[in-house]
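Subject: Structure for your review

Dear colleague,

Please find below the structure that I am handing over to you. My notes on it follow directly after.

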Amino acid sequence: LEINACHQLLELWAPYNALRAVPGALPELPALATVDLSNNKISRLPKELAGATALQRLDLANNELREVPPEIGRMNRLTRFSLHGNALRSVPSSLISGPTSKLLEHFRAKLPDAASNGLGRGGGGAAAEGQDVLTGIAACVHKNGSELPLSSRGLTALPVEVFELGSLTSIDASNNQLIELPALVDQLVDLATLCLTSNMLRVLP
């Protein structure tokens with residue numbers, strides 16, 4: 001499908017076909033706001049798609065996707081991103097059915113620059129200790145407002161410094177290996193959303 005010359009194209013509707021790839025020309029279409037490629041046979045989503053900065057609606061439901069590149073999280077103008085009906089390995093179903101803003105946040109948290117703030121993927125999040133850990137967490141919160149994205153980082157425990165940030169309203173700790181949640185969570189009096197999907201928890205405090 002070659003459409004790179006259609007610079008005035010606003011909408012592309014091609015559901016219920018047998019497409020196996022997303023057209024590589026989409027980032028070259030500056031006016032493109034809506035793409036519906038649902039119910040095809042697409043198995044790979046190229047990271048270059050993030051260059052389609054005008055996209056507001058992207059429907060890839062009911063394809064054969066197993067992964068989504070984290071660069072997709074940079075598509076800040078997306079207001080609807082449909083992924084249901086794919087066999088995604090690392091995206092909680094609660095995010096797929098939830099607000100697009102949360103879904104994009106999930107992907108942004110996996111970007112290399114998100115990992116560089118001191119919240120690594122291993123060692124229970126304790127690559128640094130004491131003030132270094134607190135500084136890393138504070139930097140992450142500063143970048144994401146009052147929300148703390150910790151999904152898919154291989155955590156076995158939440159750093160205790162998390163509970164010193166009383167301004168938190170949202171924590172996404174999905175897709176980790178948490179075995180318990182400290183009772184200190186009651187210190188987060190403004191916490192409105194706590195996502196613990198796909199961990200190893202047996203009880204909640």
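**An aromatic pair**

F107 is buried, since its relative accessible area is 2% and the limit for a buried residue is under 20%. Please note that the model is a predicted one. F81 likewise counts as buried, at 3% relative accessibility.

These two residues belong together in the description. The count of aromatic pairs comes to 1. The ring centres of F81 and F107 lie 6.5 Å apart and the ring planes stand at 55°, so the pair is classed as tilted; planes count as edge-to-face only over 60 degrees. Because F81 is part of strand β4 (residues 80-82) and F107 part of helix α2 (residues 100-108), the pair ties together parts that are 26 residues apart in sequence.

**The chain as a whole**

The chain has 4 helices and 7 strands. Along the sequence their pattern is β-β-β-β-α-α-α-α-β-β-β. Of the 205 residues in the chain, 45% are buried. Among contacts with a separation of 6 or more, 32% are between residues 24 or more positions apart. The accessible surface amounts to about 10,300 Å², and carbon and sulfur atoms account for 52% of that surface.

**The sheet**

An open sheet is formed by 3 strands in the order β5-β6-β7, with parallel pairing. The edge positions are taken by β5 (147-149) and β7 (193-195); each has a single partner strand, so one side of each is left without a neighbour in the sheet. On average, neighbouring strands of this sheet are turned by 5° against each other, direction ignored.

Between β5 and β6 (residues 170-172), which run parallel, there are 3 bridges. Opposite L148 stands I171, a residue of β6.

**The loop between β6 and β7**

Q177 is located in the loop that links β6 and β7. With a relative accessibility of 42%, Q177 counts as partly exposed. Which residues does Q177 contact, leaving aside its neighbours within four places in sequence? They are L155, T156, N199 and M200. For N199, the C-alpha to C-alpha distance to Q177 is 4.9 Å, while the two residues are 22 residues apart in sequence.

With kind regards

Note on methods
Residues are numbered from 1 along each chain as its sequence is written. This is a predicted model: local features need pLDDT of at least 70, side-chain atom pairs count only at pLDDT 80 or more; totals for chains, interfaces and linings use all residues. Side-chain values use heavy atoms; hydrogens and water are left out. Helices (H or I, at least four residues) and strands (E, at least two) are DSSP runs, numbered from the N terminus. Buried means under 20% relative accessible area, exposed over 50%, partly exposed in between (1.4 Å probe, protein chains only). Contact means heavy atoms within 4.5 Å. Accessible areas come from the Shrake-Rupley method with a 1.4 Å probe; for residues, only the protein chains shown count as cover. Two strands pair if DSSP finds at least two bridges between them. Axes are lines fitted to C-alpha atoms, for helices over the stretch in contact, and angles run from 0 to 180 degrees between N-to-C directions. Rings of Phe, Tyr and Trp (its six-membered ring) pair if their centres lie within 6.5 Å; planes under 30 degrees apart count as stacked, over 60 as edge-to-face and the rest as tilted.
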